[in-house]
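Here is a short report on pockets and aromatic contacts.

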Amino acid sequence: MIHFRTDNEIELLRQAALLVGKTLGEVGKHIRPGVRTIDLDKLAEEFIRDHGATPAFKGYEGFPGSLCISVNEQVVHGIPGNYELRDGDIVSIDCGTVLNGYVGDSAYTFCCGEVPEEVRLLLKRTKESLYKGIEVAVAGNRVGDIGYAVQSHVEQFGYGVVRELVGHGVGRKMHEDPQVPNYGKRGTGVKLNEGMVLAIEPMITLGKKEIVQERDGWTITTRDRKPAAHFEHDIAVRHGKAEILSSFEWAEAVENNK
C-alpha cells in the first residue's frame with residue numbers, strides 16, 4: 001500500500017530526516033584512523049536521543065546497532081563493532097531516526113584519510129547519480145525513470161549497480177511501498193504522484209554488481225571484494241521538482257574541513 005502524505009506529515013518527515021543529516025555530520029567529525037566503528041555508533045545513538053528521537057535501526061528485525069556502518073567492500077548493513085578505521089578506508093554511514101512518529105533515513109559515504117583517486121571518483125559519481133534520480137522523481141513520472149537515471153549515469157564509468165537492494169517509501173515505517181530500484185527502464189513501474197515520500201539510495205560498486213551476505217546475517221559485501229559507495233536522501237514527490245527532505249549539509253561541511 002502506497003501512502004500519500006499531507007504537507008503537515010511531510011514537514012514531520014523533514015524534521016526526522018534533518019536530524020539524520022545532523023547525526024551524519026556529527027559522526028563524520030569522528031571518522032579518522034584508529035576509531036572503532038562501535039564508538040561511532042554509541043556517539044550517534046546518544047546524539048539522536050539527546051534530540052528527542054530514537055534510532056530507527058536499533059532492534060529493527062534484531063539489528064544490534066543504531067547505525068549501519070559499512071567499510072570498503074561492504075555495501076550496506078554493516079554491524080558496528082571493534083573494527084578500527086584505517087587510512088584509505090571509505091565508510092558508509094546509514095542512519096535512521098524516529099521523531100514524532102515519523103522516520104528519517106539517509107546515508108553518506110565518508111573518506112577516512114587519504115583515499116585512492118579511483119575510489120574518490122566512485123563516491124563522487126555515486127552521489128551524482130542520487131541527484132540524477134531525484135531530478136526525475138516528479139509527479140507523472142514512474143519509478144523506472146529514477147532507476148534509469150541512476151543506472152545510466154554510473155554504468156558509463158564501468159561501475160556495477162546492486163540489484164538485490166533498493167530504495168523505498170518512507171513514512172511512519174522505515175520501509176514502505178513502493179520499492180525504488182537503482183536500475184530500470186524509463187516509463188515503467190509505479191507512477192509517481194504528489195505526496196509520495198521516497199528514500200532514494202544508489203548502492204554502486206567499483207567492480208561487478210554481484211553481492212554476498214556475510215555470516216553475521218546482515219552485512220552485504222561485494223562478491224569481488226571491490227569497494228562500494230552508498231548515498232541516500234528522503235524526498236517528497238511534487239509537480240515539477242522533487243523536494244529533498246534530508247540534507248548532506250553537515251556531512252559535506254565536515255568533509256570540506258578535513
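## Aromatic pairs

Rings of Phe, Tyr and Trp pair if their centres lie within 6.5 Å. The model described here is predicted. A search of the whole structure finds seven aromatic pairs. Ring pairs link Tyr108, Phe110, Tyr131, Phe231 and Phe248 into a cluster.

A pair of aromatic rings is described by the distance of the centres and the angle of the planes. Take tyrosine 108 and phenylalanine 110. Their ring centres are 4.8 Å apart and their planes are at 55°, so the pair is tilted. Both tyrosine 108 and phenylalanine 110 are buried.

Phenylalanine 157 and tyrosine 159 form another pair, with ring centres 5.8 Å apart. Their planes are at 40°, so this pair is tilted too. Tyrosine 159 has a relative accessible area of 8%, so tyrosine 159 is buried. Phenylalanine 157 has a relative accessible area of 31%, so phenylalanine 157 is partly exposed.

## Charges over rings

Phenylalanine 157 also has a charged neighbour. Arginine 125 lies over the face of phenylalanine 157, at 3.8 Å from the ring centre. A further contact involves tyrosine 183: arginine 163 lies over its face, at 4.6 Å from the ring centre.

## Largest pocket

The largest pocket has a volume of about 620 Å³. Its lining has 31 residues. Nearest the centre lie Tyr60, His77, His168, Met174 and His175. Two elements give two or more residues to this lining: strand S7 (167-169) and strand S8 (176-180). The largest share, three residues, comes from S8.

What is the class make-up of the lining of the largest pocket? There are twelve nonpolar, eight polar and eleven charged residues.

## Second largest pocket

The second largest pocket has a volume of about 290 Å³. It is lined by 13 residues. Phe110, Cys111, Arg120, Leu123 and Glu255 are the closest to its centre. Phe110 is also part of the ring cluster.

Which elements each supply at least two residues of the lining of the second largest pocket? They are strand S5 (102-111), helix H3 (117-135) and helix H5 (249-257). By class, this lining has five nonpolar, three polar and five charged residues.

Terms used: Residues are numbered from 1 along each chain as its sequence is written. This is a predicted model: local features need pLDDT of at least 70, side-chain atom pairs count only at pLDDT 80 or more; totals for chains, interfaces and linings use all residues. Side-chain values use heavy atoms; hydrogens and water are left out. On a 1 Å grid over the protein atoms alone, a cavity is a set of points where a 1.4 Å probe fits but cannot get out, and a pocket is an open set with protein on both sides within 12 Å along at least five of seven lines; lining residues have an atom within 4 Å of a point. Grid points are joined across faces, edges and corners, and a volume is the space filled by probe spheres set on the points. Helices (H or I, at least four residues) and strands (E, at least two) are DSSP runs, numbered from the N terminus. Ala, Val, Leu, Ile, Met, Phe, Trp, Tyr, Cys and Pro count as nonpolar, Asp, Glu, Lys and Arg as charged, and the others, Gly among them, as polar. Rings of Phe, Tyr and Trp (its six-membered ring) pair if their centres lie within 6.5 Å; planes under 30 degrees apart count as stacked, over 60 as edge-to-face and the rest as tilted. Buried means under 20% relative accessible area, exposed over 50%, partly exposed in between (1.4 Å probe, protein chains only). A charge sits over a ring if NZ of Lys or CZ of Arg is within 6 Å of the ring centre and within 35 degrees of the ring normal.
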